[in-house]
Amino acid sequence: QVQLVESGGGLVQAGGSLRLSCAASGRTDSSSAMGWFRQAPGKEREFVAGISGSGIGTYYTASVKGRFAISRDNGKNTVYLQMNSLKPEDTAVYYCNVVNGVTMRPSRYWGQGTPVTVSS
């Protein structure tokens with residue numbers, strides 16, 4: 001089993017920044033690819049960003065490319081999502097998860113998420 005604890009969300013004005021953190025424990029280690037997902041009200045959960053176990057490979061959905069940056073600290077088993085130039089359409093609950101390194105498909109274990117609200 002995998003335990004995931006997301007934090008760092010909040011209310012921010014459009015154009016602002018937030019840094020999300022995800023602490024992972026359990027059946028995961030530094031070789032596991034990790035990803036961030038989000039679910040906006042009334043919408044399905046979607047992939048936002050992914051990072052390889054080494055941290056060298058990073059992947060982004062088109063809508064956040066150039067604004068968001070995913071990183072990890074394997075010594076702390078923590079993954080980060082730096083979000084800049086936030087837009088109202090980024091408003092969602094953000095989740096992290098262990099993912100398949102090729103498909104970015106998430107595991108079935110989810111944390112509670114951290115809400116992000118971007119006001120216009």
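Modeller: Start with D90 and R38. Their side chains form a salt bridge, 2.9 Å from N to O. A salt bridge here is a side-chain nitrogen of Lys or Arg within 4 Å of a carboxyl oxygen of Asp or Glu. This is a predicted model: local features need pLDDT of at least 70, side-chain atom pairs count only at pLDDT 80 or more, and totals for chains, interfaces and linings use all residues. Numbering runs from 1 along each chain as its sequence is written, and side-chain values use heavy atoms, without hydrogens and water.

Biologist: Where do D90 and R38 lie in the sequence?
Modeller: D90 sits in the loop between β8 (78-83) and β9 (92-99), and R38 in strand β4 (residues 33-39), so the pair ties together parts 52 residues apart in sequence. Strands are DSSP runs (E, at least two residues), numbered from the N terminus.

Biologist: Is D90 buried or exposed?
Modeller: Buried, at 1% relative accessibility. Buried means under 20% relative accessible area, exposed over 50%, partly exposed in between (1.4 Å probe, protein chains only). R38 is buried too, at 6%.

Biologist: Which other salt bridge does D90 make?
Modeller: One with R67, at 2.8 Å, N to O. R67 lies in the loop between β6 (58-60) and β7 (68-73), so this pair links parts 23 residues apart in sequence.

Biologist: And what does E46 pair with?
Modeller: R38, at 2.7 Å, N to O. E46 is partly exposed, at 34%. R38, E46, R67 and D90 are linked in a network of salt bridges.

Biologist: New topic. How many helices and strands are there?
Modeller: Zero helices and ten strands.

Key. Helix = DSSP H or I, 4+ residues; strand = E, 2+ residues; numbered from the N terminus.
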